[in-house]
Amino acid sequence: EVTRTVNVVDTTVPVITLLGEDPVTIEVGDTYTDAGATASDTYDGDLTVDVSGTVDTSTAGTYTITYTATDSSDNTATATRTVNVIDTTIPVITLLGEDPVTIEAGDTYTDAGATATDNYDGDITSSIVTVSTVNTSIVGVYSVSYNVSDTSGNPAAEVTRTVNVVDTTVPVITLLGEDPVTIEVGDTYTDAGATATDTYDG
């Protein structure tokens, strides 16, 4: 008698199918809910999928979720999903003080400034770039602009303050000569005149 041994083996790895998108992109601070995955095997049919990896949505970055499935023959399959946590929210600039501001020509202008907050970076007031065109020696309408970007490169909407430099101070007239003046009837009166000065016009 002659016999032949036939070994029937299973060497086919399971197939993991991701559910949902890959990669996934979410905004920093949002909640991440994984869509999961399914696994099937030619011999065992549907399999349980083990999931590992975490996504820290409070920190921008790239994260990996790993899915593993093993059949009864110890054939193991793996699949991964990439999760990108990004910051696309622009900072918000808030003016301090009045807008518009009206000051007298010749006075010193001190800007009240502004604050800036970002959903990811927090208080970024120190990063504000301020550009002022105010010239208090010349009557006119001027602007002060405020700009800032967060660490992700998102620029805030520019905020501007209007500064009106005005001249509301009346001139000062100074009489020359005496006041009152007394002259004899019939004499010729020659007025001594007056001078006028103005804080803006000189």
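## Exercises on a predicted model

**Exercise 1.** Where is the place of S73, and is S73 buried, partly exposed or exposed?

Solution. In this predicted model, S73 sits in the loop between strand 6 (61-70) and strand 7. The relative accessibility of S73 is 30%. Buried means under 20% and exposed means over 50%, with partly exposed in between, so S73 counts as partly exposed.

**Exercise 2.** Which residues does S73 touch, not counting residues up to four places away in sequence?

Solution. The residues are D10 and D44. Take D44 next: S73 and D44 are 29 residues apart along the chain, and their C-alpha atoms are separated by 9.1 Å.

**Exercise 3.** Find the strand that holds V83, then decide whether V83 is buried or exposed.

Solution. V83 belongs to strand 7 (residues 76-86). Its relative accessible area is 0%. The cut-off for buried is under 20%, so V83 is buried. Leaving aside neighbours within four places in sequence, V83 is in contact with V24, Y32, V55, G61, T62, Y63 and I65. As for V15, 68 residues from V83 along the chain, the C-alpha atoms of the two are separated by 21 Å.

**Exercise 4.** Work out which strands stand at the edges of the open sheet of three strands.

Solution. Start with the order, which is 8-10-11, with antiparallel pairing. Strand 8 (92-95) and strand 11 (122-123) each have a single partner strand, so they stand at the edges, and one side of each is left without a neighbour in the sheet. Now look at one pair: strand 8 and strand 10 (residues 114-118) are antiparallel and joined over four bridges. In one of the bridges, L95 has A114 of strand 10 as its partner.

Technical notes: Residues numbered from 1 in each chain as written. Predicted model: local features only at pLDDT ≥ 70, side-chain atom pairs only at ≥ 80, totals over all residues. Heavy atoms only, no water. Pairing = 2+ DSSP bridges. Helix = DSSP H or I, 4+ residues; strand = E, 2+ residues; numbered from the N terminus. Buried < 20%, exposed > 50% of the residue type's maximum accessible area, 1.4 Å probe, protein only. Contact = heavy atoms within 4.5 Å.
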